[in-house]
Amino acid sequence: MRIVTGEEMASIDAITINKIGLPGVVLMENAGREIARRLIDLYGMEKRFLLFIGKGNNGGDGFAVARMLKEQGVSVLTCIVEDEAIFEGDAKLHKRVYEQSGYRWRYWKEMNRTWSEVLCEVDVVVDAMLGTGLRGAIREPYTSIIKKINLADKEIVSIDLPSGVPAGEAEMEGEPISADRTFTLQLMKLSYYLEATKPYYGEVETLPIGIPPATMNHLEAQRCVWGKDEVVNSWVKSNPFAHKGSNGRIGVIAGSQQMPGAAALSASAAIRGGAGLTTVGTVSTAIQTVATHVKEAMYTAFSEQSGLIAPTEEELFAFYEGKAAIAIGPGIGRSTRIKAMIAHAIEHYTGILILDADALVYVSELHDEVKKRRSPLVLTPHIGEMAHLANESVDVVKQYRFTIAETYAQTYQAHIILKGPHTIVANPNGGMTVNHSGNAGLAKGGSGDVLTGIVTALVARQPLETALSTAVFLHGHAADLLINQGFSINSLTPSDLIEGLAEAYKLCE
Ligand SMILES: NC(=O)C1=CN([C@@H]2O[C@H](COP(=O)(O)OP(=O)(O)OC[C@H]3O[C@@H](n4cnc5c(N)ncnc54)[C@H](O)[C@@H]3O)[C@@H](O)[C@H]2O)[C@@H](O)CC1
Ligand SMILES: Nc1ncnc2c1ncn2[C@@H]1O[C@H](COP(=O)(O)OP(=O)(O)O)[C@@H](O)[C@H]1O
Ligand SMILES: [K+]
């Protein structure tokens, strides 16, 4: 499913109406029917609804919902927010149909005077005030009404968006509706994936309103949800005659004297993730520790300096030999020799190169080398690392994570896995996917190392772009399955996650 901004949604609506020829009033009728049906499913016929109507098309949806609820005998109080509101276009028609059907409304000014009595008469507030047409700071009378609704301690259901929440990356100005549930129409709105705005949505359900997919081909930004269906449909089944070599020879350059665990986590995740042959390149002192945990891997002891790897050029070329993908970063530490190794790999390794953790620190100093690289490069930053890469503040990356990941991926022709809740995968061709799996049990040191292992294993066996999105999905899916099996968010560890991969992979098999 696509993820859109308000402007993109408006262009899709316009193509549906003007080019495809499906009138806007029909879309509104569809929205009304779907929402009324879901409200009755969820709350039953006995609950009493209070519906707030804004003067744009979001309000038009509201009139359609109110009429359909009333037709079925459900109790609905309808409130038009602006006193002298002049409705136009599709909303005007739906207001007329509502009125001609014999139904009434009240205006907010009047309802406000008896607000406490009104509240005694209703169970659920439906918010059809502002949708994708919101521009700038929330104005009166919406500001005061939103405050009162939020304080009312009633179940709140928003149509399309919680009123006051921008659909895209624009910053929120003022207090929006804090919904318990949002019925978003046809497509997911981008602000659902941003830390500042997501909490206002509550539970989200996307309802179809009849917009055909052909209306979306013109969109420049190609953002899609990557969920179970996409994972299953894109999975390339392994050949029954596969051997360890054809299942992907990969390398993991990870760990140091101080941090052998990072190498163990990423290497065992790679092996659980299906890599045919995994070689770990690390310091000799780490090999013993790592090998007791990861029996299936092979090991290369690199030259070292002060407990960190410091591979020679010869050692690096030997390590690159025959490997489809190499990940560098987890637990390697920082030094000038490490920087030189990253530069060497970017310049000379011709397989799929994945840079994570400490390896990312030097990438912003190696942007010229990155631009010259012709083979695939995958970077797996969390928000802080992305801020460093893009030379922006963490707050800016949080607010504009889609734009920043997309711009970076295109400028440097790199695949970006921007981690966090709803990890984004941004590809150099402009395609982006957003992940829906995972939970807060992953917010622990080491989860990222596990992801790096899975990514490395998958890119060696599956088409690159789908491998990245699928790796991110399976990583989160494993965590979700463990929570369903009774693990707690607090105690879930990255090692549990690796065990959990066995169950998660069943989805693909
Ligand atoms: N025919 C269509 O175009 C369809 C529209 N749909 C609905 O229409 C919505 C978009 O409709 P519109 O583009 O009319 O916009 P909205 O209904 O979201 O809002 C526009 C209205 O809000 C006011 N407004 C804008 N910013 C404000 C602010 N900061 N403070 C206070 N008031 C503000 C504007 O003056 C305008 O009256 C969607 O979210 C969806 O619910 C759907 O029914 C599908 C069909
Ligand atoms: N609250 C959360 N919900 C879902 N996934 C999360 C959450 N917090 C972290 N993650 C995931 O866990 C991993 C953490 O990686 P990272 O920040 O690199 O940690 P580390 O390097 O310490 O292992 C990422 O894949 C991230 O998307
Ligand atoms: K709304």
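A residue is called buried if 20 or more other C-beta atoms lie within 10 Å of its own, exposed if 12 or fewer do, and partly exposed in between, with the C-beta atoms placed from the backbone. This is a predicted model, in which local features need pLDDT of at least 70 and side-chain atom pairs count only at pLDDT 80 or more, while totals for chains, interfaces and linings use all residues. Residues are numbered from 1 along each chain as its sequence is written, and chains are lettered from A and ligands numbered from 1 in the order in which they are written. Helices (H or I, at least four residues) and strands (E, at least two) are DSSP runs, numbered from the N terminus.

**Helix α19**

- In helix α19, which spans residues 494-504, the buried residues are P494, L497, I498, G500, L501 and A504.
- Seen down the axis of α19, these buried residues fall within an arc of 165° (the arc of the directions from the helix axis to the C-beta atoms), so they line one face of the helix.

**Strand β11**

- Five of the five residues of strand β11 (residues 249-253) are buried, so the strand is largely enclosed by the rest of the structure.
- R249, G251 and I253 point one way from β11, whereas I250 and V252 point the other way.
- In a regular strand the side chains alternate between the two faces of the sheet.

**Partners of β11**

- Strands pair if DSSP finds at least two bridges between them, and β11 pairs with β12 (residues 277-282) in the parallel sense over five bridges, with I250 standing opposite T278 in β12.
- Four bridges join β11 to the parallel strand β16 (residues 325-328), where A327 is the bridge partner of V252.
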